[in-house]
Amino acid sequence: MSSQETTFDWREFFFRVLRHWYWIVLSVLVTLALAWVYLRYAVPLYQISSAILIQSEKNQRTVTEAYIAEKLGLETNFEIEDEIQVFKSRSLMRRVVDSLRLHIQYFSEGRVKTSEIFPTPEQPLAVQLRYAMPEERAYGMSLRVEPVAGQPDKFAYSLPEGDTAHARFGEPFQIGGVTYCLDLNDTLFHRLKLPHIISIHAPEAVAQGYAASISVQQVGQSNVLALSLASPVPSKAIAILNTLMDAYAQSVIEDKNKVGLQTLRFIDDRLRFVAEELYGVEKAVESFKSTRNLPVELPIQAQRILSEIAEQDRQLAELDLRERLLDSVAAFFRVDSTFGQLLPVASEIISGELATQVRQYNELVLRRRHLLESATGENPAARSTGRQLNELRHSISLSVANLKRETAQRRSQLQQRLQPFERQMALMPRNERELLQIMRQQQIKENLFLFLLQRREETALSVAAQVSNARVIDRAANVGLIAPKRFQTFLFAGFAGLVLPVLILYLWTLWRTTIDSEADLKQITSLPFLGSIVAERRSRKPPIVIQPNSRSAIAEMFRLLRTNLQFILGEEPAPVVLITSSISGEGKTFLSANLGVAMALSGKRTVVVGLDLRKPKLAQYFGEDTSAKGLTHFLIGQATPEELILPTHISENLFYVSAGPLPPNPAELILNGKLETFFQSLRQRFDCTLVDTAPLGLVTDALLLMPYVSATICVVRAGKTDKNLVRLLDQLYCDGKVKRPALVLNGVKKGKGYGYGYGYGYGYGYGYGYYQD
């Protein structure tokens with residue numbers, strides 16, 4: 001086996017590609033046509049983008065609050081990643097789905113493809129679903145409607161059984177236990193006569209799908225988020241992004257107002273309670289005065305005492321309210337089930353350090369809720385927020401305990417200030433003293449009522465004045481088509497059209513098992529190569545392609561083969577050349593006959609011997625009498641060598657010996673020893689003897705003839721002979737079983753073989769006009 005067998009001849013492959021240029025052109029045209037069809041009917045995909053600024057909460061706080069929080073170590077950093085998760089949460093997208101009714105899809109069925117349509121203020125739907133009841137049973141179902149000719153108020157719809165029924169717009173109809181009602185908004189439905197398809201899906205599944213498909217990215221290191229969504233319907237994607245940003249801003253305001261609304265409910269409850277008490281005290285004052293016949297106005301001394309203790313009573317009432325609030329906060333944190341719940345006390349009715357802590361606690365609770373909408377409790381961000389909540393709960397509990405101690409001390413101080421006035425009240429007359437006590441309670445209730453009213457207005461103003469921390473920078477807009485790209489599609493199609501046939505040809509060249517060229521032979525064997533024979537169109541009768549004075553390409557190839565054979569034979573007198581092949585049908589008899597003609601035309605007496613005793617064809621080439629005696633007669637002792645030699649009409653120097661009748665035992669006849677006498681007789685009579693024998697790869701006849709021959713020509717047919725058969729010949733030569741072998745490549749296509757077309761061997765192929773056509 002040749003050491004060059006594993007190399008790949010890129011130069012030969014390049015010329016092979018050039019010879020198949022028409023397949024490449026056809027492939028490019030086909031792929032470009034397929035690309036055009038794809039672009040014609042592919043669903044386009046558009047990129048919709050928007051931008052929103054998320055402002056940090058600490059940018060909205062006062063300097064004092066930010067300073068206190070920072071000193072306490074309780075400041076929570078604003079995380080833009082948390083807001084990204086909020087935008088991608090299923091709950092926020094569910095608001096968008098419910099607002100735009102995205103779970104109901106409308107399609108227009110065309111002749112080739114079905115396109116989705118989305119209603120806009122400028123272009124409403126021609127046919128719209130008013131309701132489907134119960135809607136849950138309609139999830140996953142599709143309703144196909146089409147216009148009815150001549151009846152603009154009616155439409156046809158398909159039943160599950162495959163039948164078609166008619167209904168009127170605006171009137172309910174039932175399919176599969178679901179009641180539908182459709183509205184007609186545009187006569188375009190009847191003018192175009194195109195069916196419409198209405199699909200209803202579960203809103204939760206639709207929200208989950210859009211939440212997963214939306215892209216939210218931070219722009220650099222800023223607090224700006226870029227939102228994008230790819231959709232085949234640009235108007236739908238624009239509506240989704242705009243509604244999503246509005247829903248986010250509204251959710252931020254709602255989150256901020258949750259605690260404020262709870263505080264308002266708390267204050268309203270206290271106001272109702274205090275108002276009832278105040279009403280009761282006022283009735284008591286009026287009843288006391290009427291029963292005791294006291295004047296409407298208090299004496300001057302009583303009025304002075306009442307005015308002196310009013311301020312102290314007001315402060316005591318505020319301390320009582322604060323103490324109740326602190327008790328409620330302490331009770332809230334004593335219950336473990338309240339973890340992750342909003343603290344029902346707003347910072348509007350408390351102040352100082354505790355107010356900052358309460359606001360931070362509620363902000364963390366809201367942030368954690370948003371995180372858990374799109375992640376689990378094991379999420380690192382959620383776990384970090386949980387740890388911060390536990391720390392804040394502990395800090396708030398400590399602050400509440402400290403404030404309760406301060407409140408108790410303040411209460412004690414106020415009560416000490418009231419003791420002198422209470423002693424003065426004890427010296428007053430009984431009626432005045434009792435009336436003063438009742439009016440004192442009335443004044444306390446009035447001050448508490450006014451205090452609650454003031455806090456209620458402040459809380460309501462805070463709720464109404466809440467603004468979102470989001471500011472829309474760019475509303476959603478269509479930035480262009482992202483798929484399919486026309487230029488890239490045609491470019492890829494053209495490239496594929498070029499590469500595909502080349503790749504197929506490369507794989508075919510790489511994996512093919514037959515011999516196609518001289519390069520293939522050189523890769524797998526080092527045996528001498530005599531030349532190539534071009535493939536010619538042949539008639540039913542096998543022709544002799546070489547004639548006297550012929551200048552055809554194939555005739556010159558046989559002359560070249562004759563010359564190269566002389567180099568193999570050297571100066572040996574009357575050589576005997578064995579011509580065989582690996583299998584049947586490779587052209588050994590054709591080569592034997594025409595090479596014999598070439599040798600005879602050079603002036604040498606040549607005889608062609610038909611020693612293929614299994615499938616003889618040599619007599620058919622020379623067109624002589626097939627009834628004459630053949631070599632079989634000689635081998636069985638019924639003829640002499642002189643009787644077997646027959647002349648031909650082609651040349652006076654050319655003779656042949658036919659095989660004769662088919663024997664039942666060809667190998668035994670060859671071994672009977674008479675062939676040695678036969679070849680000695682031929683050597684004495686002729687300058688050259690060509691022996692056409694059976695294929696080497698099928699039977700042993702050729703090997704049995706090796707003692708009588710000078711050289712061996714093995715015919716290889718392009719596109720037919722397997723490489724393994726050539727390797728077998730090479731192995732036989734290495735084992736010494738074949739004498740002086742050489743190869744001839746037969747059946748080479750024009751423009752492909754050496755010595756013809758572009759060939760670069762033995763001086764042939766240098767230009768047209770050298771040969772006769």
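In this predicted model, Asp-269 has a relative accessible area of 43% and is therefore partly exposed. Its side chain meets that of Arg-272 in a salt bridge, with an N to O distance of 2.2 Å. Both residues lie in helix α8 (residues 234-292), and because they are three residues apart, about one helical turn separates them.

A search of the whole structure finds 24 salt bridges.

| Salt bridge | N to O distance |
|---|---|
| Asp-269 and Arg-272 | 2.2 Å |
| Asp-153 and Arg-168 | 2.2 Å |
| Arg-685 and Glu-642 | 2.7 Å |

Arg-685 and Glu-642 pair through their side chains. This pair links distant parts of the chain, 43 residues apart: Arg-685 is in helix α21 (residues 674-685) and Glu-642 in helix α19 (residues 641-644). Arg-685 is partly exposed at 37% relative accessibility, and Glu-642 is partly exposed at 43%.

Asp-153 and Arg-168 also form a salt bridge. Asp-153 is partly exposed, with a relative accessible area of 36%; Arg-168 is partly exposed at 33%. Elsewhere, a network of salt bridges links Arg-16, Arg-512, Asp-516 and Asp-520.

Helix α16 (residues 588-601) has 14 residues, which at 1.5 Å a residue should span 20 Å; its end C-alpha atoms are 20 Å apart, in agreement. Of these residues, 13 are buried, so the helix is largely enclosed by the rest of the structure. Just after α16, Gly-603 takes a positive phi of about 100 degrees.

The disulfide count is zero, with a cut-off of 2.5 Å between cysteine sulfur atoms. Cys-714 is buried at 5% relative accessibility, whereas Cys-734 is exposed at 53%.

How values were computed:
Residues are numbered from 1 along each chain as its sequence is written. This is a predicted model: local features need pLDDT of at least 70, side-chain atom pairs count only at pLDDT 80 or more; totals for chains, interfaces and linings use all residues. Side-chain values use heavy atoms; hydrogens and water are left out. Helices (H or I, at least four residues) and strands (E, at least two) are DSSP runs, numbered from the N terminus. The expected span of a helix is 1.5 Å times one less than its number of residues. Buried means under 20% relative accessible area, exposed over 50%, partly exposed in between (1.4 Å probe, protein chains only). A salt bridge is a side-chain nitrogen of Lys or Arg within 4 Å of a carboxyl oxygen of Asp or Glu.
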